[in-house]
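Subject: Structure handover, with notes on the salt bridges

Hi,

Here is the structure I promised to pass on. My notes follow below it.

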Amino acid sequence: MNEKIKQRFQTVLEKEQVLEAESMSRHTTFRIGGPADLFVVPKSVDEIAEVLKICREEKAPYFILGNGSNLLVSDQGYDGAVLQIYKNMNQVAV
């Protein structure tokens, strides 16, 4: 993934919310998987919407990750952005 996309993400998110080459083994229950090009941890619905908008505009592949349960990731990793939403979006309100 190119530097331009990372920079665009950082205009919407804080620096620590955008990680490069993050090992997916740290985020799956099976503890396997190579690095994701970019690993993004949005804190709000608005941040998710902005990140997805950037991905669509840049034609960048993305994957929305919940808890990482029952997920197998190749040791070669993921060529795109992984959006982890369960940590900051794990409550349901009616």
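Which residue forms a salt bridge with Lys4, and how far apart are the closest N and O atoms? The partner is Glu58, with the closest N and O atoms 3.4 Å apart. By salt bridge I mean a side-chain nitrogen of Lys or Arg within 4 Å of a carboxyl oxygen of Asp or Glu. The pair joins distant parts of the chain, with Lys4 in helix 1 (residues 3-12) and Glu58 in helix 2 (residues 45-58), 54 residues apart.

Before the rest, a word on the basis: this is a predicted model, where local features need pLDDT of at least 70, side-chain atom pairs count only at pLDDT 80 or more, and totals for chains, interfaces and linings use all residues. Residues are numbered from 1 along each chain as its sequence is written, and side-chain values use heavy atoms, leaving out hydrogens and water.

Helices (H or I, at least four residues) and strands (E, at least two) are DSSP runs, numbered from the N terminus.

Glu58 also forms a salt bridge with Arg8, at 2.8 Å between the closest N and O atoms. Here too distant parts of the chain are linked: Arg8 is in helix 1 and Glu58 in helix 2, 50 residues apart. Lys4, Arg8, Glu57 and Glu58 make up a network of salt bridges.

Another salt bridge joins Glu20 and Lys6 (2.6 Å, N to O). Glu20 lies in strand 1 (residues 18-23) and Lys6 in helix 1, so this pair ties together parts 14 residues apart in sequence.

The structure holds six salt bridges.

Best wishes
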